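Subject: Structure handover and findings

Hello,

Here is the structure I promised to pass on. Please open it alongside this note; what I found follows below.

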Amino acid sequence: MQKLKYESPAIQKMNAGLMNKYGSRTEYEPVKQIDGVAVKDLIAQYGSPLFVISERTIRRTYQNAVRAFKTRYPKVQFAWSYKTNYINAVCKVFHQEGSWAEVVSGFEYRKALGNGVPGNKIIFNGPEKTNEELKLAINNDSLIHIDHFEELYQLIDLSDELGKKPRVAIRVNMDTGIYPMWDRFGFNYENGQAWSAIQKIVASGKLQLTGLHCHIGTFMLSTDAYAIAVKKLGDLAMNAKTQLNTQIQYLDLGGGLPSANTLRGAYLPGSDTIPSVDEFAEAITNALLQLGFSSNELPLLILESGRALIDDAGYLLGSVLANKRLSDGRRATIMDFGVNILFTSFWYEHKISPAQDFTHHTEDMVLYGPLCMNIDVVRQSVNLPLLNRGDQVVVHKVGAYNMTQWMQFIQMRPNVVMIDEKGNTHLIREAETLEYIEQMEKMPDHLQHFSL
Amino acid sequence: MHLKKNIATSESGFIFNPGTGDSYSANPIAAEIIGMLKEGTPVSSIKVHIMATYEVSASQLEKDWDDFSNQLKYANLLDN
């Protein structure tokens, strides 16, 4: 006689209290494959944990965003935000789709050059740019976005030294009704600092004021804030034209568009609360078209969206290491991935799906990572089926920031694979090794030997 | 391991503790085990039955048994 499928015996208390009227569905569908490739095969071939990137999803998400803006406004250009995910294979998918590069450090700048992005299609943002980095950017005719007056004067000096007239924009910060106001980057609009910077640039005669840039926040849930930002940038651009006879060629609205992840503490899931990319496009382009520019003078709209374009395409596969009961009777499950590689679990309540069949019996549990550190909590409370050691799970929407902010802490970083549009898998970043980690270390002679 | 005598159970896995007013739902295998406990079946016999009926290793069952006993204890369903 064939034996029956086993499940750990479990009981669950039935609560008759008030229910959330919106409900919150338990994940009853296992996620056994990603883009047609079986999760168990991916783990068997590349190990666990494992980051998986869907090339198809990147392209589809990107094309959808481009369509949303280009059907509403004639001049649109996206620039891939390197800091969101700068694995070269990921960057190149965006560049193949037509995206420029947006970088915030010399390291990222050189990465973009190495990926073959022409210098004049790299936007160089950020508060730290060394003389050497700026010289490289000037010689490549890149778009340099000035963050502070020190940088403005640094650029004037360098333009003298190189005998070139760099293309620059200023980053503008402003009150768009969003709290907290991001006023640490760039020049403030309301107190006149931004206009003062514009005047100084034009008066210097050493720099070409090409654009105006802002980045009003992150994970923005209000489309109105972008419309306000467009209005204020447009005001500066119009003043530059009428008072300084300087035509602003582009307005860069930065990024900040949200993904469908659920923020920690949010009452409703992210997918139900975030505005769509079409709604953002509608607010931004409507505001642009109302600025008063004639149709042949409309500025190019640049967008540096990162999270909204890559989060959905990233998955983290992992396995269960152990189960235990906490002192208060709650179930705890220990996974082989933690906050070291899933940095965004500090911000999000990530959706997690089992990768194999299960019964309908579920239990509230804490999900811990493998680190011997108290902070290593992936989900404080999640309702999942009973998972056994070795069971596999899929964490959704992890494409943004995890593969750049991940930490080499206690554990090493795992393999990253990309599934192409034909369903073939490609290793795009190898798992780290002890040799890789230690290759930068040096040992003083007097510490070479010891006896215990 | 003995269930409290006043605990009401059903074959479908519904458990009611009249002492506390709490009710619980058990998954099928837990319902089966509780049913056997209620009939006074010794733990060793229950384990033999589970091993013979389900695809489970002895070590997995041992771990899960400890966990299940703790769940019953936390739920105040066992005689001390």
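Four strands make up an open sheet, in the order β1(A)-β3(B)-β2(B)-β1(B), with antiparallel pairing. Two strands stand at its edges: β1 of chain A and β1 (8-9) of chain B. Each has a single partner strand, so one side of each lacks a neighbour in the sheet. Bear in mind that this is a predicted model.

Now the pairings. β1(A) meets strand β3 (residues 22-26) of chain B in the antiparallel sense, over three bridges. Here A:K13 stands opposite B:Y24. Within chain B, strand β2 (residues 14-17) is joined to β3(B) by four bridges, and these two strands also run antiparallel. B:F16 has B:S23 in β3(B) as its bridge partner.

The contact between the chains comes next. On chain A, 16 residues are in contact with 21 residues of chain B. Strand β1 (residues 11-13) of chain A gives the largest share of chain A's side, three residues. By class, that side has six nonpolar, five polar and five charged residues.

On to the nonpolar core. The largest one has 131 residues. Which residues have the most contacts inside it? They are A:V52, A:V172, A:V230 and A:I284. Helix α8 (residues 224-244) of chain A supplies the largest share of this core, nine residues. Where does the core lie relative to domain 1 and domain 2 of chain A? Domain 1 (33-52 + 313-432) and domain 2 (55-311) both give residues to the core, so it lies between them. As background, nonpolar side chains in soluble globular proteins tend to be buried together.

A:V172 deserves a look of its own. Leaving aside neighbours within four places in sequence, A:V172 is in contact with A:G186, A:F187, A:Y189, A:A194, A:L212, A:H213, A:C214, A:L233 and A:L236.

Last, a loop residue. A:D420 sits in the loop between β20 (416-419) and β21 (425-429) of chain A. Is A:D420 buried or partly exposed? It has 15 other C-beta atoms within 10 Å. The cut-offs are 20 or more for buried and 12 or fewer for exposed, so A:D420 counts as partly exposed. Beyond its neighbours within four places in sequence, A:D420 is in contact with A:E55 and A:H426. A:D420 and A:G47 are 373 residues apart in sequence, and their C-alpha atoms are 19 Å apart in space.

Best regards

Terms used:
Residues are numbered from 1 along each chain as its sequence is written. Chains are lettered from A and ligands numbered from 1 in the order in which they are written. This is a predicted model: local features need pLDDT of at least 70, side-chain atom pairs count only at pLDDT 80 or more; totals for chains, interfaces and linings use all residues. Two residues are in contact if their C-beta atoms, placed from the backbone, lie within 7 Å. Ala, Val, Leu, Ile, Met, Phe, Trp, Tyr, Cys and Pro count as nonpolar, Asp, Glu, Lys and Arg as charged, and the others, Gly among them, as polar. Two strands pair if DSSP finds at least two bridges between them. A nonpolar core is a set of buried Ala, Val, Leu, Ile, Met, Phe, Trp, Tyr and Cys residues joined through C-beta atoms within 7 Å. Domain bounds come from an automatic or database domain assignment.
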